[in-house]
Amino acid sequence: MKKLLLMSICVLINLQLVSRTADEDAIAHSPANSKCFNCHGRPVYSYYNENLERDVSKRMNPYFLIDSVAYYNQNHKSFECTDCHSYDYNTFPHDNDLQMEPMPVCLDCHEGDDATAAFSFEKIDQEYQQSVHSTKHSGEFTCWMCHNPHSYKINARTNENIKETIVYDNNICLSCHADVNKYQLITSKEKPNIIKKHDWLPDQIAHFAHVRCIECHTHVSNNVLVAHQVLPKEQAVKKCVECHSQNSMLMASLYKFRAKESRNRLGFVNSSILKDAYVIGANRNYYLNILSGIIAGLVVLLIIIHALLRILSK
Amino acid sequence: MKDQIYLYPLWIRIWHVVNALLFIALIFSGLSLQYSNNTFNLLPFDFAVSMHNISGITLSIAFVFFLFWNHFSGNGEHYRIKSKGYCAEVFRQFRYYAFGIFKNEKPPFPITEEQKFNPLQKFTYVMVMYVLLPLITLTGLGLFFPDILPDRMLGTTGIHFVDLIHIVTGFLLSIFMIIHIYFCTIGRTCSANFKSMITGWH
Ligand code: HEM
């Protein structure tokens with residue numbers, strides 16, 4: 001649990017560092033939002049209470065707090081709050097009925113959208129429909145559960161730093177699987193302990209820092225960059241050699257974007273992994289392999305000759 | 001037993017057999033890890049990981065034990081290289097193995113209590129025990145506790161760099177072991193040296 005917490009904290013700090021600069025100019029480009037942020041961007045907000053005829057300060061529900069820095073650094077940063085939420089939120093106190101308003105889903109805007117066709121939303125949706133989350137909890141579970149509406153930013157496709165992507169993507173899963181409060185939004189079942197459930201994996205810290213949950217838990221296809229079909233646990237990857245081998249599956253998932261099935265950098269097999277990790281069995285050096293084979297062969301040959309000569313000269 | 005000398009005290013023999021068995025286990029599991037594959041493996045991957053870890057740690061402990069005893073028991077004397085004329089002596093021994101041995105010449109440096117290793121042997125044992133084994137145990141330790149390794153070294157990840165040293169050293173030691181075992185058959189009889197490594201008497 002501590003480990004997971006630490007990991008999450010690291011990410012939070014990271015995200016803030018990255019996004020600090022985006023702050024000022026972005027606020028400027030959506031003035032209507034600053035009204036909402038006046039309350040939803042700070043732990044304590046004030047409003048004019050007409051009954052008391054004075055300003056009153058109250059605490060904001062922490063779950064309704066929105067990080068403006070992250071908001072203006074995400075995919076939908078150009079959006080006004082009321083593009084997704086009802087315009088009636090401009091009044092305070094908000095109308096109670098607003099809580100029941102249906103929210104748009106990704107496909108409402110992205111289906112058949114040319115600008116974002118490269119992401120293959122329709123195929124992602126198909127995969128998602130077959131995932132355990134969707135099949136077991138089609139009512140409660142939506143794309144928003146993993147894609148925080150106020151902070152989701154594409155990583156796998158754009159971030160050069162694979163380690164950051166891994167942390168980012170894993171935190172998506174851990175936001176639930178390491179947080180009972182969010183988990184309970186979906187089900188009242190007991191939340192399995194992730195660390196205990198992966199006891200069989202040696203050096204969990206190293207593994208969770210170098211591979212994503214989805215590497216082992218999804219069906220990887222060629223249609224989309226980020227696989228979305230989360231499989232039942234019985235079908236998760238458990239065999240070490242799926243990754244620890246020359247034709248490592250990591251080349252088809254995590255390193256898909258970078259992968260040139262390769263032996264380029266000084267003869268290193270799967271060299272696109274090497275910048276970030278060293279995977280036993282998957283990274284080998286072609287020339288060293290040949291060289292060691294030759295040396296070992298020569299040594300054995302010399303020994304045989306030496307032994308033969310010794311026998312003959314007896 | 002009259003012309004025999006007591007060359008290998010008990011602690012060397014125990015250390016040596018432990019060391020040799022562990023080393024063979026390490027070579028097997030190490031090869032299995034390095035060349036692990038989806039289709040065929042010497043050993044199952046997770047088993048090889050545990051086997052390599054456990055044998056490696058035990059071998060490191062045995063190695064520290066060796067360093068300690070070698071230093072305090074006096075056996076370390078045999079590992080001291082005196083500089084004057086040493087190269088020439090190594091060359092003489094080398095010439096003997098390359099030619100003289102086939103002409104049934106006498107070995108140039110017969111084994112005595114004061115000189116249990118010939119110069120070539122001394123050189124290889126010193127290299128192995130004081131250069132390669134420290135290198136492989138230290139890099140192994142680094143790989144076992146990757147947190148202590150620097151994130152990046154010479155343009156690649158610290159783990160990768162250290163692993164390369166580890167693998168190359170492991171390869172050199174494996175080659176040493178093959179040659180070592182072969183040269184142990186050069187004794188009074190083929191099996192004489194192995195017998196002395198068991199009984200201690202030469
Ligand atoms: C990599 C593993 C090994 C290392 C590092 C190693 C190292 C050594 C060393 C340092 C000595 C001299 C001991 C002394 O101070 O008196 C020695 C002697 C000996 N070793 Fe090994 N050994 C290894 C594996 C083996 C194996 C696998 C065998 C046999 C199957 C073997 C057979 C012998 C014999 C017969 C001797 C005595 C003859 C001599 O002094 O050269 N060794 N070994």
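How much area do chain B and chain A bury between them, and what percentage of it lies on carbon and sulfur atoms? In this predicted model, the two chains bury about 2800 Å² between them, with 62% of that area on carbon and sulfur atoms. Asn38(B), Phe102(B) and Tyr182(B) together account for 23% of the area that chain B buries against chain A, which exceeds the share of any other three residues. The contact draws on 33 residues of chain B and 30 residues of chain A.

Polar contact was examined next. Twelve residue pairs in polar contact, with both residues at pLDDT 80 or more, are found across the interface of chain B and chain A. The number of salt bridges between chain B and chain A, by contrast, is zero. Helix α5(B) provides eleven residues, the largest share of the side of chain B that touches chain A. Sorted by class, this side of chain B consists of 18 nonpolar, eleven polar and four charged residues.

Chain B as a whole contains six helices and two strands. Their order along the sequence is α-α-α-α-β-β-α-α. The C-alpha trace of chain B extends over about 55 × 35 × 35 Å along its principal axes.

The ligand contains an iron atom, to which chain B contributes donors. His16(B) and His180(B) coordinate this iron atom, each through NE2, at 1.9 to 2.0 Å. The site has six donor atoms and is octahedral, the angles among the donors being 87 to 178 degrees. His16(B) belongs to helix α1 of chain B and His180(B) to helix α5 of chain B, so the pair ties together parts that lie 164 residues apart in sequence. For comparison, the ideal angles for six octahedral donors are 90 or 180 degrees.

Over all chains, the structure holds four salt bridges. One salt bridge joins the side chains of Asp169(A) and Arg212(A), with an N to O distance of 2.9 Å. Asp169(A) is located in helix α10 (residues 162–177) of chain A, and Arg212(A) in the loop between α13 (204–210) and α14 (213–217) of chain A, so the pair ties together parts that are 43 residues apart in sequence. Side chains of opposite charge can pair when their charged atoms come close.

Two backbone features of chain A were also noted. Phe92(A) and Pro93(A) are joined by a cis peptide bond, for which omega is about -10 degrees. Pro93(A) is placed in the loop between α5 (81–84) and α6 (106–110) of chain A. Ser120(A), although not a glycine, has a positive phi of about 55 degrees. Ser120(A) lies in the loop between α6 and α7 (121–129) of chain A.

How values were computed
Residues numbered from 1 in each chain as written. Chains lettered and ligands numbered in written order. Predicted model: local features only at pLDDT ≥ 70, side-chain atom pairs only at ≥ 80, totals over all residues. Heavy atoms only, no water. Contact = heavy atoms within 4.5 Å. Buried area = accessible area lost by both parts, 1.4 Å probe. Polar contact = N/O pair within 3.5 Å; in protein donor to acceptor, adjacent residues only side chain to side chain. Helix = DSSP H or I, 4+ residues; strand = E, 2+ residues; numbered from the N terminus. Nonpolar A, V, L, I, M, F, W, Y, C, P; charged D, E, K, R; others polar. Donors = N, O, S within 2.8 Å, 3.2 Å for Na, K, Ca; no water. Tetrahedral: all angles 85-135°; square planar, octahedral: opposite > 155°, others 65-115°.
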